[in-house]
Amino acid sequence: MTESTATAPISRDLVARIGASGPEEVLEARLAAFDAFESMPFPTESSVGWRRTDLAGIDLKPAPPAESVCDIGLPESAKAAGAIASSLEDAIRKTSLPVVSTVRTGLSFRKFSALAQSAWQGGGYLHVPAGADIADPIQISWKGGPYPRLVVVIGKNARATVVEQHDQSAKYLSGRVDLILEDGARLNYIHVQDCARESVIFSHQRAEIGRDAKLVTLNFGLGGRLARTDVEVELQGSGAESDMLGLVFAEGEQQFDYHTLQGHRAPNTRSDLLFKSALDDRSHSAYTGVIIIDRGAQRSDAYQANRNLLLSEGARADTEPMLEIEADDVRCTHGATVGPVDEEQLFYAESRGLEPDVAARMIVEGFFGEVFEKFGQPSVTKLLQGKVAPHVARVGA
Amino acid sequence: MATKPQTLVDKDYQYGFRDQTDTYSFKARKGIDHDIVEQISQMKHEPQWMRDFRHRSLDIFLSKPLPPWADLEALDQINFADIYYYMRASDVEGKTWEEVPADIKRTFDRLGIPEAERKFLGGVTAQYDSEVVYHSIRKDLEKLGVLFSDMDTALREHEDIVREHFATVIPPADNKFSALNSAVWSGGSFIWVPKGVHVDVPLQAYFRINAESMGQFERTLIIAEPGSFVHYIEGCTAPTYSSNSLHSAVVELIAKEGAHIRYTTIQNWYKNIYNLVTKRALAQKNAHVEWVDGNIGSRLTMKYPSVYMVGEGARGDVLSIAYASEGQHQDAGSKMVHAAPNTSSIITSKSVSKGGGRTTYRGLVKVYEGCDGVKSNVRCDALLMDPESRSDTYPTMEIDSRNVRIEHEATVSKVGEEQLFYVMSRGLTEVEATTMIVNGFFEPFVKELPMEYAVELNRLIALEMEGSVG
Amino acid sequence: MAEKLLEIRDLHVSVGDREIIRGVNLSVDRGSVHALMGPNGSGKSTLSLALMGHPKYTITKGDITFKGQGIIGMPPNERALLGMFLGFQYPAAVPGVSVANFLRNALMARHKGAAPLTPAKFKKLLDEGIAKLKMDPAVLGRYVNDGFSGGEKKRLEILQAFVLQPELEILDETDSGLDIDALRIIAEGIEAQRGPERAILLITHYQRILNYLKPDVVHVMVRGKIVKEGGPELAHQLEAQGYDPLIRELVEA
């Protein structure tokens, strides 16, 4: 128990009260998560993983719990296919057992997002039934409440695209997302984080991918004073695949901290990661990524790349791409780069008559372009480009 | 600093050293405390500042925890109370050839190591007599004004130079093991190269190995004055046996403006040894430091040769290989700290894990604010020979300056099936083909070694591979 | 009567679950040059790799004999020592191993037990091959296929054949991706190896190398089977008409 939480507006008793109306197993899971939160030390600037984060003027104190309203816009095609969208509370009440077990399992905790597993209220649940093929993106947006908790289950051989957006007015968010892909399922998941500039945001996304299923995630980071995102992918079935994309534009005093896990737990699994950050002003990005290939996860293929573009003198980037490999019949590669806008590219663009700032902006757009191209969904590209454009327009100005 | 026992005695007499009758005469015993540290210092007749330094360091050692990120499963096996922290040559001798493990003797045979060297490497004699070679080199060096001696002698004969530089690159508080070394150090090499002097011959610890220079807690300090060059080689490819399980050296290099130091290590300790070494270089303006570092032996090695580039235009290179077989963990890497503009670094790391062995690359590239024009390139390649082996890569990059070019790339794989088939299709057996591919994998390292080391290393890999395939 | 050096009978080869070679019969006499032609994907490369014993290719049926000895199941190095040589379409790089060192090891493997070639003789052999193939002598110090251009790789394959002096050379698309000068040099290099003691099985997509290197027999492979055999004129016919008429014929049949 750390004393700093004693003053926090959240306690074990409060969590117990919140969970009292739900089933026993869910309450237990809430309490386990709260205990995990309590057992992990409150970060200081000398804590592992926080050493390079400037915590001055940042209030990490958890917000008082409140209901998070999840609006899941099911397109007609999804309704026709039998997709279910509801609050997580409703989903649990309707005693759909897989929901409860999902809430209970995935007991992988991070300091702050563990609160989303303990103090969530309302929550969101999406189930796409086996075999459904939903082409239109399913839009999920949150209102109110600091602890959004989302569970998405994609049934066997079903296909869907989900775009999750947060309440832009939130000052403190600590969210948790569980993505369950049953065998042969395919999910494109986009996480849009464009919260207010002064907010503190935690997000923990965890995916379990079944046999021959494929998950493509795109994390878009634009908002927040401090945004820490954990993306954990567990490739659990043979033939499972994961493409993980990330795109950050940081300016001012913004700090982005991404932690990723590519967990190869079964043979014949493949993962590919590309996280890109463009950093302006005095912003800071810290990327920590690990590829784990378990003993026995033979014929795994894993790739991880973190690219950082420093646009300003005061911008900083840290990167820690890690590998833990315990099987020999694998191909595993990672790469990381940090640098300014390439002088050759700049010169080339300028030689065609572009002003230096215009050229720099073009190069930043190109830098992001690779991520969009990999994701390959024009509607998503348009949405994100629209969001990032006003910020890119300031580059070099 | 001569290596013949007689000369040792003669010389030491001059400084009031009386081996037999001294009331403080050292008695080797296990364990570490202030009393042992005091005895070591008194016996060596050290100046007060060094004695204080040792005691201070011991306090740091005793209070510092093991690094939390380390292979604690292995480190926790070290029983610090069950180790001799200081032994004189006379304590080392008296062991017999029979005590040397059979597998080491076999490797000596197959590598064709000369008899005299075998006894030394097996820890049976404290000295390997290569006086002739050594003295001719010494003469040349003297003409150039180069100082080359063991560290204890340097402290007696060149106290001012030692005091000015000693522990300035690696303070005792750097880590638990540098603190331990600082408390109980003995032996090691001291080299001072005058301004503008280019030492053409590599200086090899191998030529002057004795109980202390190859000992447990050696302390090496190399100072290259502006515009000078020196290449130092330590260790050898043949397996080195010691009944003592802890080896913890500190090596400090200081390359002044425009100087160039190359430091080559080949480590092949017997598989009972914990080899926990701190190596760091300071590179001033336009200086260049190269670490060429090979780790083949030991139970656990933790070693991250570093270069702190504090002057504009400084350069740091690390080229390292690691080989881990059953029961071994090679935890090696490098730190490159760019604290001045236009500095550049290259890290090339290659590792092979076999038979359940584990290799870890651990690295840091740090660029301080305001250091424009920094370039750093890190390349790590790991080969896994079987499903039981393991490879980890933990690089960290902390970049606080914009106009820099920082690149890191790492791969982990097994010996390529297509490669193996191609080589075998030319008539080589699977073992021969694998050996050839692994030797090729290490070639960028091997080609930086003097010929005799290169040949021996290739042969050693062949011996290791024979046990591994098929 | 000429000695049958290589004999393939009703060979079926699979990769994973997929059968690629579906009943090939082929025999090559000592002293002869055979061309095996066929469109892309017909199984020519599979056949060459299966002949050399690549572990990925499973022989599900049939028989291969070399010098009268069954070689199925034999590791690739033993096939090499028996006198077989494969010039790879895509030779693997062996970083850190120089061409000279590679060839020395390959020769040593071949002469196990016998008196090894003296360094001077070895050097002479290499120099001769280098000159014949108009290669840069610096190639000997470079790492095997590491950073080689397509043409350099092909020349190195032929240089190896020259040094190792096999009895059967299987050359898999050694002519592909070469400009006209390189093609001529390589073809001449192969031609120089022609002799009564040796057979060459030249696998090619195009006829153009056959302008320099006249085959005794031409086999055409389509979809894992030999569908036509003839003399050099068959190659010319294919050059003029392409593989389409043959494929159509096959489909209709």
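A residue is classed as buried if 20 or more other C-beta atoms lie within 10 Å of its own, as exposed if 12 or fewer do, and as partly exposed in between, with C-beta atoms placed from the backbone. By this criterion A:Lys171 is partly exposed, because 16 C-beta neighbours lie inside 10 Å. The model is predicted: local features need pLDDT of at least 70 and side-chain atom pairs count only at pLDDT 80 or more, whereas totals for chains, interfaces and linings use all residues. Residues are numbered from 1 along each chain as its sequence is written, and chains are lettered from A and ligands numbered from 1 in the order in which they are written.

A:Lys171 is located in the loop between strand S6 (159-165) and strand S7 (172-181) of chain A; helices (H or I, at least four residues) and strands (E, at least two) are DSSP runs numbered from the N terminus. Contact is assigned to two residues if their C-beta atoms, placed from the backbone, lie within 7 Å. Neighbours within four places in sequence aside, A:Lys171 contacts A:Ala196, A:Glu198 and A:Ser199. The C-alpha atoms of A:Lys171 and A:Gly224 are 8.4 Å apart, with 53 residues separating the two in sequence.

Chain A contains nine helices and 18 strands. Its radius of gyration (over C-alpha atoms) is 21 Å, close to the 21 Å that the globule rule (2.2 Å times the number of residues to the power 0.38) gives for 397 residues, so chain A is as compact as a globular protein of that length. The C-alpha trace of chain A spans about 65 × 50 × 45 Å along its principal axes. Of the 397 residues in chain A, 54% are buried. Among contacts in chain A between residues at least 6 apart in sequence, 83% join residues at least 24 apart.

Between chains A and B, 32 residues of chain A are in contact with 29 residues of chain B. On the chain A side, strand S17 (316-325) and strand S18 (331-340) are the elements giving two or more residues. That side comprises 13 nonpolar, eight polar and 11 charged residues, where Ala, Val, Leu, Ile, Met, Phe, Trp, Tyr, Cys and Pro count as nonpolar, Asp, Glu, Lys and Arg as charged, and the others, Gly among them, as polar. S18(A) and strand S19 (residues 404-414) of chain B run antiparallel and are joined by eight bridges; two strands pair if DSSP finds at least two bridges between them. In this pairing A:Ala336 stands opposite B:His408 in S19(B).

The domain assignment of chain B, from an automatic or database source, gives domain 1 (5-303) and domain 2 (418-470). Their contact takes 12 residues from domain 1 and 10 residues from domain 2. Helix H6 (102-111), strand S8 (260-267) and strand S10 (288-295) of chain B each give two or more residues to the domain 1 side, and H6(B) gives the most, with three residues.

In chain C, an open sheet of four strands has the order S2-S1-S4-S5 with antiparallel pairing. Strand S2 (18-29) and strand S5 (69-70) of chain C are its edge strands, each pairing on one side only. Seven bridges connect strand S1 (residues 4-15) and strand S4 (residues 58-66) of chain C in the antiparallel sense, and C:Val13 stands opposite C:Ile59 in S4(C).
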